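Try each task before you read its solution.

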Amino acid sequence: MSTLAAPFKDWFATRGWALHPHQSALLARAQDPATLLIAPTGGGKTLAGFLPSLLELADGNHKGLHTLYVSPLKALAADIRRNLENPVAEMALPIRIEDRTGDTPHSRRQRQRADPPHILLTTPESLALLLSYEDAPRIFAGLQRVIVDEIHALAESKRGDQLMLCLARLQGLAPGLRRLGLSATVEDPDGLARYLAIGEAPCHVVQADPGPDPDIRILDTETPPPWNGAGAHYAIPEVLEAVRAARTTLIFINTRAQAELFFRALWMANDGDLPIGLHHGSLSREARDRVETAMLAGKLRAIVCTGTLDLGIDWGDVDLVIQIGAPKNIKRLVQRIGRANHRYNAPSRALLVPANRFEVVECRAALEAALARELDGEPRGPGPQDVLCQQILITACAGAFDADALFAECRKAGPYRALPRADFDACLQFCATGGYALRAYDRWQRLLQRADGTWALRDPRAARAIRMNLGTIVDTETLAVRLKNRRGGAPLGEVEEAFAATLVPGDTFLIGGEVVTYDRLRELTVEVTRESHRKPKIAVFSGSKFATSTILSHRVLAKLQQADWPDLPAHTADWLRLQREISAMPRPDRLLVESFEADQRHFTCFYGFAGRNALQTLGLLLSQRMEKAGLNPLGFVSTDYALLTWGLEPVTDPAPLLARDGMIEGLDTWLAENAVMKKSFRSVATIAGLIERNLPGRRKSGRQATFSSDILYDTLRKYDPGHLLLRLTRTEAMTGLVDFERIEEMLARIDGKIDHITAPHVTPLAAPLLLEIGKVPIRGEAQERLLAEEAERMMREAGLV
Amino acid sequence: MRTYDFTLADARLTALSSGALWWSEAGILCVSDLHFGKSGRLARRAGNMLPPYENRETLERLEADILTRNPETIICLGDSFDDLYAFEEMDEADRLWLTCLMAGRQWVWIEGNHDPGPVDIGGTHLAQFRAGPLVFRHIADPDASGEVSGHFHPKAGLRGIRRPCFLLDGRRLILPAYGTYTGGLRSDTGVLSELMGKDAIAILTGNNVQPMPMPR
């Protein structure tokens, strides 16, 4: 405590508080150029971060901006401001604190530029916008510290890459700037420190006491989990019981659609009228605010939520976290569990609810990993170049720049430390001329190199469009859902445009926990009527599908090697024993392939344990090869652990199907045509500034002038296949939705060792996949035929033929 | 199917899957809303620099239709050029390509809202064109009949599939946009629902042509 000045010492003393060791450690390191603090939630992390700033500002001598705080959530910026204002007021410190996000009124934002506060709380996007103004050097000239909150979350997306580029820019404007990252528990603290570091300079990691081991269990249920599915509705009675026994519970579910379904099922069974809320990203802002307010006021006993509540406001009262469905990723599980019991040094309580029989094994493996504190995480690749393109454009908005200086600056950002000059030049070329093989824009370049060698916008009016397009979050296009004839009222929520397009009048679906009937689409609004007595015909609007992480997959495989499974419920242990008896157990260093016949189809199951995205891709590749080999494949399904294919002919030798040679080429042909690529292209092209994002209010569904980015993708592919954005799209798809990396990991792991077993009938492990078959949507030729049939039927009904 | 035959004001017409209209008896091929030079216009206005290949993509498809049908007359139903500078700025090779396609044929450029004046290229520039029982103009006149027009870039479909389409009722035909960089207006938008009669059909284009009752 001796390091604290008088008002701080007294303030701590009146509360009976003492500095946590990590808070002292940060104070001692306050002059370091970069520091990373790793602490569990509730560890006084925020105060630890701001304490050095408050101390430095206490004498009232600093003029202008001193500390910049950046968080991934707008709500967090406002919440932290309120929390900071208390001690500042109580100690009567001469410090002005303000937040600045997309929600801040225009007049205040103008004022903040002219007269910045001492402490400004903002988001990566708002910071990027500030840096695009010509007066950025003046605003940031006196900046001393920058605090990046939830840096573990930012580092998982392009928002973090953009932020690191912005910090490199800030470092140029304020050379003495010191940075501090605040992170939850991560698998690779040193990697995250290198991400945050200034160039090659060191970044010290301060580790707070991680606290006691969490109390994690698998929920005991009367009904065993079903063979397949992701709903976990079998566990509703026990989940309600657990909610009743706890003070406040967060119920995490992996997708929005499942959250809707589970919430509805909970309500149906909720005889005791427990107040339970629903929170996910498709609900309207108003609906989410209502739930958050009720939660803060202690009026809710539970919230069913998705990743939207992974970060954010501390709810000290949460004493139980329930994870529905396998967590897929140990790190996320640990961070979610940390949401319970925010009091430091109290163990967090969590219950895992496997949604199906296989997930029992996965939940058990995840639980053991969490207790062993083994976390997963994919190694971070180099900073993406679409973000770099945007950074070049942002820089140009602020004024003319020198390419060499900007290149050197970008290399000071952790994710771009190894950026080759050629890649930078390609991005600059793209920003300036479009980077096309056909030099069509020589007269109308976006950036021009001036006589002094610096680059500047050809037409300063372009700055406005660039600023409007700023940021790296590319949302799926969504449409508001409203009750018919209540245009003024709050929307019920929103659905993805692609989902809305599949609806025909009379279709029923779930939104905000209620069943509604689709009536019509009117001016960007899906108009619906309430339909409480009917069952939802269509329950899903697409949620993101997480793939089980590599480390967790390996742990599951290891679990299957046990001689017996006394640690698993009897129903699951019996199932695994039966598999071992009838066929064999998948092994980590070999690939188990089973073939069997059912319903006159020849099925083959590949236990790849590579996650559902990679196994989906493998399914497409194997289908092509089976086609060539004359095996007449008909279809396939994949889960996180296996791929099941079926066809008219039996697979007698799976080895050639899995040969590494030519696999990537097969992928290329398939990739180019795939919707996954078009989706990735849209995101890359938006971030890089080729196409303008559709801002709410600016988009007119009726306008014939706007056309889909798919057309640009097809055109580029045909006439300029080597274009930068196509290269970036491919790289992104390969690691993301296509996940080819994990196919390679699997092939390396098994090293050609394949055990092919021909079983007399479906095997225990393959049975759940067989049950998934009916759920595969129809695409391609079959879709064309269905379209024609339905159109013809409609023509006949309308009497038009 | 690749084509769809129908009659309008007793003229026997064929909708092609490419989005072009073929009138075999009159030897007329009609396309609408080519929007040549769209990417160039956007770049000039300090907008985005889209892949500058839409002219040749459009020309490629137009050439294919011309080679298959060998028309005597070609009618471009307006908005052929994204603005009046578009032809000037066209790539030399593309300009030559277009000139070759025009050679030896009657070529009618109907004025559109994007290209209201004559463009410095051969052919006949007209506000509208009459041939037999039909009148060709850019924007539909609500009182007209036997009319072929473009402008709206109509789109329709079902179950999440949307395709550029012809809209047809007893009085008029609206063509889909033929140009590469063109979006679409859903047929259930007010203006199209009002314009088209109750018995209207949408003829979807793309890999196949597929008639269906016009969604409204």
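Predicted model: local features only at pLDDT ≥ 70, side-chain atom pairs only at ≥ 80, totals over all residues.

**Exercise 1. Overview of chain A**

Task: Find how many helices and strands chain A has, and what percentage of its residues is buried.

Solution: 
- Start with the secondary structure: chain A has 30 helices and 25 strands.
- Next comes burial, where 46% of the 801 residues in chain A are buried.
- Then look at contacts in chain A between residues at least 6 apart in sequence: 74% of them join residues at least 24 apart.

**Exercise 2. Domains of chain A**

Task: List the domains assigned to chain A, then work out how many residues domain 2 and domain 5 bring to their contact.

Solution: 
- The domain assignment gives domain 1 (6–207), domain 2 (215–371), domain 3 (388–461), domain 4 (478–545) and domain 5 (583–696 + 709–782).
- Take domains 2 and 5 of chain A: their C-alpha centres lie 32 Å apart.
- At their contact, five residues of domain 2 of chain A meet five residues of domain 5 of chain A.
- On the domain 2 side, these comprise two nonpolar, two polar and one charged residues.

**Exercise 3. A covered helix**

Solution: 
- Helix H21 of chain A spans residues 550–560, and eight of its eleven residues are buried, so the helix is mostly covered.
- Now turn to H28(A), which has buried residues of its own: A:Phe740, A:Arg742, A:Ile743, A:Met746, A:Arg749 and A:Ile750.
- After H28(A) comes A:Asp751, with a positive phi near 50°.

**Exercise 4. Two helix pairs**

Task: Classify the packing of H16(A) with H18(A) and of H2(B) with H3(B) as roughly parallel or oblique.

Solution: 
- In chain A, helix H16 (residues 385–398) packs against helix H18 (residues 421–433) at about 55°, and their axes are 9 Å apart.
- H16(A) and H18(A) are therefore oblique to each other, and their crossing is right-handed.
- From H16(A), the residues A:Gln385, A:Leu388, A:Cys389, A:Ile392 and A:Leu393 meet A:Asp423, A:Cys427, A:Leu428, A:Phe430 and A:Cys431 of H18(A).
- Sorted by class, this contact has eight nonpolar, one polar and one charged residues.
- In chain B, the angle between helix H2 (residues 54–69) and helix H3 (residues 92–102) is about 20°, with axes 11 Å apart.
- Angles under 35 degrees count as roughly parallel, so H2(B) and H3(B) are roughly parallel to each other.
- The crossing of H2(B) and H3(B) is left-handed.
- H2(B) brings B:Asn55, B:Arg56, B:Leu59, B:Leu62, B:Glu63 and B:Ile66 to the contact, while H3(B) brings B:Asp94, B:Trp97, B:Leu98 and B:Leu101.
- The classes here are six nonpolar, one polar and three charged residues.

**Exercise 5. Two residues**

Task: Explain why A:Leu479 and B:Gly37 count as buried.

Solution: 
- Begin with A:Leu479, which sits in strand S16 (residues 478–483) of chain A.
- A residue is buried if 20 or more other C-beta atoms lie within 10 Å of its own.
- A:Leu479 counts as buried because it has 20 C-beta neighbours inside 10 Å.
- Its C-alpha is 9.2 Å from that of A:Leu521, and A:Leu479 and A:Leu521 are 42 residues apart in sequence.
- B:Gly37 lies in the loop between strand S4 (28–31) and helix H1 (38–44) of chain B.
- B:Gly37 counts as buried because it has 29 C-beta neighbours inside 10 Å.
- Leaving out residues up to four places away in sequence, B:Gly37 touches B:Asn55, B:Phe81, B:Asp82, B:Asp83, B:Ala86, B:Glu89 and B:Met90.

**Exercise 6. Where the chains meet**

Task: Find which helix gives the largest share of the side of chain A that touches chain B.

Solution: 
- The contact takes 42 residues from chain A and 38 residues from chain B.
- Helices H19 (462–468), H20 (497–501), H26 (709–719) and H30 (781–797) of chain A each supply at least two residues of the chain A side.
- H30(A) gives the largest share, seven residues.
- By class, the chain A side has 25 nonpolar, eight polar and nine charged residues.

Conventions: Residues numbered from 1 in each chain as written. Chains lettered and ligands numbered in written order. Contact = placed C-beta atoms within 7 Å. Helix = DSSP H or I, 4+ residues; strand = E, 2+ residues; numbered from the N terminus. Nonpolar A, V, L, I, M, F, W, Y, C, P; charged D, E, K, R; others polar. Buried ≥ 20, exposed ≤ 12 C-beta atoms within 10 Å, placed from the backbone. Axes fitted to C-alpha atoms, helices over the stretch in contact; angles between N-to-C directions. Parallel < 35°, antiparallel > 145°, perpendicular 65-115°, else oblique. Left-handed = near helix turned anticlockwise from the far one by under 90°. Domains from an automatic or database assignment.
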